[in-house]
Amino acid sequence: MNKMIKDRKLQRSEFIKFTGGLAFLLLGSKWLFADPTSAADLVSTAQKRQSYTLGLLKKLVTDIGPKPSGSKAYAKAARIVFQEMRRSMAKVNYDKYEFDNWEPIKWTNLLVGGQAIEAVPQKRGFGTSPQGINGIIAKRGTGFAILNEQNGDVLAYFSVNQYGKAIAGSGPGDLDKSVPVFGIGKQDIPLLDRSALNKLPAGISAEYHPLHKAPGINVIGQIPGKSKKEILVIAHLDTIFNTPGANDNTASVIVMLMLAHAASGRQNNHTLTFVASDSEEYVYEGAYHYAKGRIANNTIEDIRYVLNFDSLTYGPNLWINSKDQGVKDLIRDIHRDLKLQTTPIYSENDGFVMDSLPFRPSGAKALHANSRGYDEKTLPVYHRPDDTADKVPLDCVEIAFQVFDEFIRRIDKE
């Protein structure tokens, strides 16, 4: 009897070890968290998609605020997107890297002849000393500059936002980036023109601190298909340092997540990869890091399509950049077949632009999608503090979802 009890205890102990180990494996295997049926149901109707969008806009925009690359706020947003991907994707992981950057910590308005004009530092550039820069205002190219009054050297440049008020000025191509660059608004051009004509005194300051080995985080999710042929969808998650970035580009990330949830409920021929990229606002470093990894492991050529979503909610008319006529024809057919009362815009620009640019070595067909239509309402909030959740036109989210859900369905049959 004692031996039987001992044997039963041993069997029970071994069973607990086995099931405990199994539980550990279940908890450690990301794909086992995915529930394609429930994830697809999340976005199965327009009403559910709207509710899903509003919920994530609150989490990623209202609750977090600006989420520049390398910040704790961005890392928090990446965790939220990671958890959303786990709802529907068999494979989800962080693709981490390090990069050097500069972050503005304090700046003043531009003072011209004693009058304050809103100015925002370049999103990645040079700061000034705490004493700032002083000289005279002058017209330079399509923007303005502060010049050294004695020798005429350029001390700072100012690029003009043609959409509205001042944004983080990266400057057009004709500006020398070896000095600080600031953004100003188009409404201030007449005042600055007069000030330049009269060579009025001007001053500004912007203090920066370096970010060495800042953490970059791409979030990658994948739904395996019947073949390794791949459709890659990418949308950047990071924002400029002074904007919550609801339209640029959080709403596009949400569209991408909804497309993933919808696709998870289908049998797909292609493997579908979804990338919430980091550092798009800082020379596409996140996309380049991920693409380099794909080149290194010899999987870059598996990619047959690259879809890059950037600001899908500036209006209902999708702006499609692609040199592939078949891609553009398909977008036209989808609009016709879905009876959408919108007018897509087409550019001959290469679809390999911005975050899709690093994937050119794949030889894939590329599409870069932006949007237009509500220009007076949405474009003035571009890179501004008021690019908030309430500024996102929900009809644009729905249009983008419908078009690209159908687009993925159709190219998946190829």
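Me: Hi! Which residues does Asp412 touch, not counting residues up to four places away in sequence?
Reply: Asp412 touches Ile231, Gln267, Asn268, Asn269 and His270, with residues up to four places away in sequence not counted. Contact here means heavy atoms within 4.5 Å. This is a predicted model, where local features need pLDDT of at least 70, side-chain atom pairs count only at pLDDT 80 or more, and totals for chains, interfaces and linings use all residues. Residues are numbered from 1 along each chain as its sequence is written, and side-chain values use heavy atoms, with hydrogens and water left out.

Me: Thanks! Is Asp412 buried or exposed?
Reply: Asp412 is buried, because its relative accessible area is 5%. Buried means under 20% relative accessible area, exposed over 50%, and partly exposed in between, using a 1.4 Å probe and protein chains only.

Me: Where is the place of Asp412, then?
Reply: Asp412 is in the segment after H10. Helices (H or I, at least four residues) and strands (E, at least two) are DSSP runs, numbered from the N terminus. Asp412 and Thr271 are 141 residues apart in sequence, yet 9.0 Å apart in space, C-alpha to C-alpha.

Me: Staying with H10, at what angle do H8 and H10 pack?
Reply: Helix H8 (residues 325–337) and helix H10 (residues 394–411) pack at about 120°, and their axes are 10 Å apart. That angle is why H8 counts as oblique to H10. Axes are lines fitted to C-alpha atoms, for helices over the stretch in contact, with angles running from 0 to 180 degrees between N-to-C directions. Under 35 degrees counts as roughly parallel, over 145 as roughly antiparallel, 65 to 115 as roughly perpendicular, and the rest as oblique.

Me: Is the crossing of H8 and H10 left-handed or right-handed?
Reply: The H8 and H10 crossing is right-handed. A crossing is right-handed if the near helix is turned clockwise from the far one by less than a right angle, and left-handed if anticlockwise.

Me: Which residues in H8 and H10 meet?
Reply: On the H8 side they include Val327, Leu330, Ile331 and Ile334, and the H10 residues they meet include Val403, Phe404, Phe407 and Ile411.

Me: What about the largest nonpolar core, which residues have the most contacts inside it?
Reply: Met85, Phe274, Phe309, Phe404 and Phe407 have the most contacts in that core, which has 63 residues. H6 supplies the largest share of this core, with 12 residues. A nonpolar core is a set of buried Ala, Val, Leu, Ile, Met, Phe, Trp, Tyr and Cys residues joined through side-chain atoms within 4.5 Å. There is also a second, separate core of 20 residues, and Leu110, Ile137, Phe144 and Ala202 are included in it.

Me: And what is Met85 in contact with, leaving aside neighbours within four places in sequence?
Reply: The contacts of Met85, with neighbours within four places in sequence left aside, include Val92, Val219, Met256, Leu257 and Phe274.

Me: What about S5, which strands does it pair with?
Reply: S5 (residues 133–140) pairs in the antiparallel sense with S9 (residues 201–204) over four bridges, and Ile133 has Ile204 as its bridge partner there. S5 also pairs in the antiparallel sense with S6 (residues 143–147) over five bridges, where Ile137 stands opposite Ile146. The S5 and S6 hairpin has two residues between the strands, and Gly141 takes a positive phi near 60°.

Me: Which residue other than glycine has phi near 60°?
Reply: Asn298 has that positive value, and this residue is found in the loop between helix H7 (285–296) and S13. Asn298 counts as exposed because its relative accessibility is 69%.

Me: Last one: which residues does a cis peptide bond join?
Reply: Asp248 and Asn249, with omega about 15°. Asn249 is found in helix H6 (residues 246–264).

Conventions:
Pairing = 2+ DSSP bridges.
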